[in-house]
Each structure stands twice: as structure tokens, then as C-alpha cells.
Amino acid sequence: MNNLFKLKVQSYFVDQSILTKNQLVELIKNDHPKMKYSTIMTYISLLKSQGVLDNPSRGMYTLKHKD
């Protein structure tokens, strides 16, 4: 995963502070149509472990830190 991907995911939260898992997956698929669902979920997990994303409740995501 590169920094451009991380910045793109962070940009999804500009207009709304919280996204459902389905919304987040769809936004990523729109930008990366050939990416598999399992890869998207792996990247989301990596962003959580890096402290970029937080999930305050099941199936909901928000930015943990705004850069």
C-alpha cells in the first residue's frame, strides 16, 4: 500500500466524518475497479493498524488522525 492510496482513503472522509464498511469498500472499488474485495479489506485493516482509520462500532469507519 502506498501513500497515495492512504491519502485517497482519507479524502473520502472530507464530506462526512463516518462511513459504513460498504460505503468505504464502494468508494475504493470506484477508484480501483480491479482490486479484489479481500485486498480492500486487507488494506482497511492495515490502515486501522497504522492508526489512520478507527472503527467506533462494527461496520463503521472514521479517521483517527487528520493530516
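The strands of the predicted model form an open sheet of three members in the order β1-β3-β2, with antiparallel pairing; strands are DSSP runs of E with at least two residues, helices are runs of H or I with at least four, and both are numbered from the N terminus. Two strands are taken to pair if DSSP finds at least two bridges between them. The edge strands are β1 (18-20) and β2 (53-54), each of which pairs on one side only. Because the model is predicted, local features need pLDDT of at least 70 and side-chain atom pairs count only at pLDDT 80 or more, whereas totals for chains, interfaces and linings use all residues. Residues are numbered from 1 along each chain as its sequence is written, and side-chain values use heavy atoms, with hydrogens and water left out.

Three bridges join β1 to strand β3 (residues 60-63) in the antiparallel sense. Within this pairing, T20 stands opposite M60, and the bridge partner of L19 is Y61. On the β2 side, β3 is joined by two bridges, and these strands also run antiparallel. L53 has L63 of β3 as its bridge partner. The hairpin of β2 and β3 has five residues between the strands, and G59 takes a positive phi near 80° there. Strands of a sheet pair through backbone hydrogen bonds, either parallel or antiparallel.

The largest nonpolar core contains 16 residues, and those with the most contacts inside it are V9, Y12, F13, L24, I28, I44 and L53. Such a core is a set of buried Ala, Val, Leu, Ile, Met, Phe, Trp, Tyr and Cys residues joined through side-chain atoms within 4.5 Å. L53 touches V9, F13, L24, I44, L47, K48, Y61, T62, L63 and K64, when residues up to four places away in sequence are not counted; contact here means heavy atoms within 4.5 Å.

In helix α1, the buried residues are F5, V9 and Q10. They fall within an arc of 135° seen down the axis, so they line one face of the helix; the arc is that of the directions from the helix axis to the C-beta atoms. N3, L4 and L7 are exposed on the other side of α1. The buried residues of α1 pack against α2, α3, β2 and β3.

Helix α2 (21-31) has L24, V25 and I28 as its buried residues. These cover an arc of only 95° around the axis, which puts them on the same side of α2. N22 and N30 are exposed on the other side of this helix. The cover over the buried residues of α2 includes α1, β1, α3, β2 and β3. An α-helix has 3.6 residues a turn, so residues three or four places apart point the same way.

One aromatic pair is counted, where rings of Phe, Tyr and Trp (its six-membered ring) pair if their centres lie within 6.5 Å, and planes under 30 degrees apart count as stacked, over 60 as edge-to-face and the rest as tilted. The pair is formed by F5 and Y43 and is edge-to-face, at 5.0 Å centre to centre and 65° between the planes. F5 lies in helix α1 and Y43 in helix α3, so the pair ties together parts that are 38 residues apart in sequence. F5 is buried at 5% relative accessibility.

The structure also holds one salt bridge, defined as a side-chain nitrogen of Lys or Arg within 4 Å of a carboxyl oxygen of Asp or Glu. The side chains of D31 and K8 meet in it (4.0 Å, N to O). D31 lies in helix α2 and K8 in helix α1, so the contact ties together parts that are 23 residues apart in sequence. D31 is partly exposed, with a relative accessible area of 35%, and K8 is partly exposed at 37%.

In the loop between α2 and α3 (37-49) lies K34, which is exposed at a relative accessible area of 83%. K34 and K21 are 13 residues apart in sequence and 18 Å apart in space, C-alpha to C-alpha.

Definitions and conventions:
Buried < 20%, exposed > 50% of the residue type's maximum accessible area, 1.4 Å probe, protein only.
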